[in-house]
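Here is a short briefing to read alongside the structure. Keep the viewer open and look up the residues as they come up.

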Amino acid sequence: MKYFKILIMEPLLSEKESLELIGRMINSAKNNLQKGLGNVFLLWGYLVAGISLVIFILLLILPGDTRYYAYFLYALMALGTPFHIRLIRKMGQQQLVKTYIEKIMDFVWTAFTISIITVLAGMLISTVLVLPGFADIEPGYEFLRWFPWTFVTPFMLSFYGFALFVSGKAYQFRPLATGGWVCWIATLLLIAAFHHPYLLMIQQMVLLISVIFGFIIPGHLLNKKEHSHV
Amino acid sequence: MFKELDPVLHSQLRLAVMSILIGSDEADFVFIREKTGATAGNLSIQIDKLREAGYIEVMKTFRGKMPRTVCRKTEKGLEAFEKYVEALRGYIGG
């Protein structure tokens, strides 16, 4: 019995063809939109919007100093973590190629998360530690107990602006970059309005609006774009 | 004098695979197959050649219950690719 060795001759490339092939293949991974990214934005967008809306209502209806306990609701953001992990795991399973942009964006959003956690955890710990020390505070100075919380919203919005703007530019997706600008303008306005008597309520409303522009709208648009690519 | 073109890279499919990995951090076998239009068998052979040359590393993982092959270029592969492009430029420029 005879065996035939089949030789597959590969086409030889000219130098020019080689360079063209290199350019084409390098570009092939560039505009690859990460599947499921929109859902991550929607998860955090709706969660933060919901929390800020509830805090706004509680600040409005609770009597006296008790209303400030509403800020503890920020701890509910931890609820998003298991869903976030699930979404990221699913994205990883669906992802066929990882570009450098996506790798760098992973670092940017990790840094963003650490920034948010450090601010929120610091405030929560400070509140728990400091509150008993203010038990005998003089009337008229009660606001000192909760005063640091007024910085939380501008801090968060500033971080949002940074991460959204970088994401928008990196993914070449304008709604994200626009959301970043909205958050930065909101930060500016909130700091400028620091002495407004209704600052706390204004902050929650501005946070809500910013999250709609920065996360919810871009999240839906990302999903729409993803589906239109299928 | 013209520099010699690296025979490992001077093949249409291997060059295409290497170029995809140069433009990304890592790429799935399925993605490379889609972009190159190669058959699974031929692609496996060429990927193996690149791996044997030390130009790429191949990781076998699972996506759910499905086996998955992910490729990533190595430092040696990057250097070889840069030399190859430089040599090509020499030919075209000369």
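This is a predicted model: local features need pLDDT of at least 70, side-chain atom pairs count only at pLDDT 80 or more; totals for chains, interfaces and linings use all residues.

Residues are numbered from 1 along each chain as its sequence is written, chains are lettered from A and ligands numbered from 1 in the order in which they are written, and side-chain values use heavy atoms, with hydrogens and water left out.

**Chain A overall**

- Chain A has eight helices and one strand; here helices (H or I, at least four residues) and strands (E, at least two) are DSSP runs, numbered from the N terminus.
- Read from the N terminus, the order of elements in chain A is α-α-α-β-α-α-α-α-α.
- Of the 230 residues in chain A, 39% are buried; buried means under 20% relative accessible area, exposed over 50%, and partly exposed in between (1.4 Å probe, protein chains only).
- Among contacts in chain A with a separation of 6 or more, 78% join residues 24 or more positions apart; contact means heavy atoms within 4.5 Å.

**Where the two chains meet: α1(A) and α1(B)**

- Two packed helices are described by the angle between their axes and the distance between the axes.
- The crossing of α1(A) and α1(B) is right-handed; a crossing is right-handed if the near helix is turned clockwise from the far one by less than a right angle, and left-handed if anticlockwise.
- From α1(A), Ser18(A), Leu21(A), Ile22(A), Met25(A), Ile26(A) and Ser28(A) meet Gln12(B), Leu15(B), Ala16(B), Ser19(B), Ile20(B) and Ile22(B) of α1(B).
- The residues of this contact divide into eight nonpolar, four polar and no charged; Ala, Val, Leu, Ile, Met, Phe, Trp, Tyr, Cys and Pro count as nonpolar, Asp, Glu, Lys and Arg as charged, and the others, Gly among them, as polar.
- Ser18(A) counts as buried because its relative accessibility is 0%.
- Beyond its neighbours within four places in sequence, Ser18(A) is in contact with Leu13(A), His10(B), Leu15(B), Tyr84(B) and Leu88(B).

**Helix packing within chain B**

- α1(B) is mostly covered, with ten of its eleven residues buried.
- The axes of α1(B) and α3(B) come within 10 Å and cross at roughly 70°, which makes the two helices roughly perpendicular.
- α2 (residues 29-36) and α3 (residues 40-52) of chain B pack at an angle of about 110°, with axes 11 Å apart, and are therefore roughly perpendicular too.
- Phe29(B), Ile32(B) and Arg33(B) of α2(B) make this contact with Ala40(B), Leu43(B), Ser44(B) and Ile47(B) of α3(B).

**Nonpolar cores**

- In the largest nonpolar core, of 48 residues, Tyr71(A), Tyr74(A), Met77(A) and Tyr160(A) touch the most other members; a nonpolar core is a set of buried Ala, Val, Leu, Ile, Met, Phe, Trp, Tyr and Cys residues joined through side-chain atoms within 4.5 Å.
- α2(A) gives the largest share of this core, twelve residues.
- A second, separate core of 34 residues includes Met18(B), Ile20(B), Phe29(B) and Ile32(B).

**Two residues to look up**

- Gln172(A) lies in the loop between α6 and α7 of chain A, and counts as exposed at 63% relative accessibility.
- Phi of Gln172(A) is near 55°, a positive value in a residue other than glycine.
- Most residues other than glycine have a negative phi.
- His84(A), in helix α3 (residues 80-94) of chain A, counts as partly exposed at 24% relative accessibility.
- Setting aside neighbours within four places in sequence, His84(A) is in contact with Val40(A), Leu43(A) and Trp44(A).

Terms used
Axes are lines fitted to C-alpha atoms, for helices over the stretch in contact, and angles run from 0 to 180 degrees between N-to-C directions. Angles under 35 degrees count as roughly parallel, over 145 as roughly antiparallel, 65 to 115 as roughly perpendicular and the rest as oblique.
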